[in-house]
Amino acid sequence: MPYIGGTQPATGCVFCLARDGSDNRASLVLCRSEHAFLILNAFPYAPGHLMAVLNRHIGSFVDARPEELTDAMRLAQRALAALTAEYRAEGFNIGLNQGRVAGAGIADHLHVHVVPRWNGDHNFFSVIGEGRVLPEELSTTWERLRGRVGD
């Protein structure tokens, strides 16, 4: 897990770097569409935490075009289907945070979170212990979901 070993993050917008990258596996991109792409969260709140990210680098919901929002929502639907089939998710938190004060970790590039949930999961650990509990490496999660979401 690179973030535990102290690997330094790349400079620039992580979403733009992933969007422009040629190695989907290395950048954790699961699939791409005309106006958005689906990516694993590198610092997930739960196993399978995905994000539907607009291709265009904007941070405001009101600046997004209808076709961009539609594309992102279609990817979120594919994410739910894949997570339900592969991980037997029992519920989901779906949403976006616009602006740093609203909780956006990457405030300048609009994205929709899809966080799978299970009865009795340990999501509280992130709040209390400022840590994450993950049962598998992100590369394994990518492999499991890649075939489910397709391109």
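1. A word on the ground rules. This is a predicted model, in which local features need pLDDT of at least 70, side-chain atom pairs count only at pLDDT 80 or more, and totals for chains, interfaces and linings use all residues. Residues are numbered from 1 along each chain as its sequence is written, and side-chain values use heavy atoms, with hydrogens and water left out.

2. Helix H5 spans residues 138–149; helices here are DSSP runs of H or I with at least four residues, strands are E runs of at least two, and both are numbered from the N terminus. From first C-alpha to last, H5 reaches 16 Å, close to the 16 Å expected at 1.5 Å a residue (1.5 Å times one less than the number of residues).

3. Which residues of H5 are buried? They are Leu 138, Thr 141, Trp 142, Leu 145 and Val 149 (buried means under 20% relative accessible area, with a 1.4 Å probe and protein chains only). Viewed down the axis of H5, they fall within an arc of 100 degrees, so they line one face of the helix (the arc is that of the directions from the helix axis to the C-beta atoms).

4. Glu 68 lies in helix H3 and, at 2% relative accessibility, counts as buried. Its side chain reaches the backbone nitrogen of Arg 65 at 2.8 Å. Beyond neighbours within four places in sequence, Glu 68 is in contact with His 35, Leu 54, Arg 56 and Ile 58 (heavy atoms within 4.5 Å).

Methods. Buried means under 20% relative accessible area, exposed over 50%, partly exposed in between (1.4 Å probe, protein chains only). A polar contact is a pair of N or O atoms within 3.5 Å; within protein, one must be able to donate a hydrogen and the other to accept it, and residues adjacent in sequence count only if both atoms are side-chain atoms.
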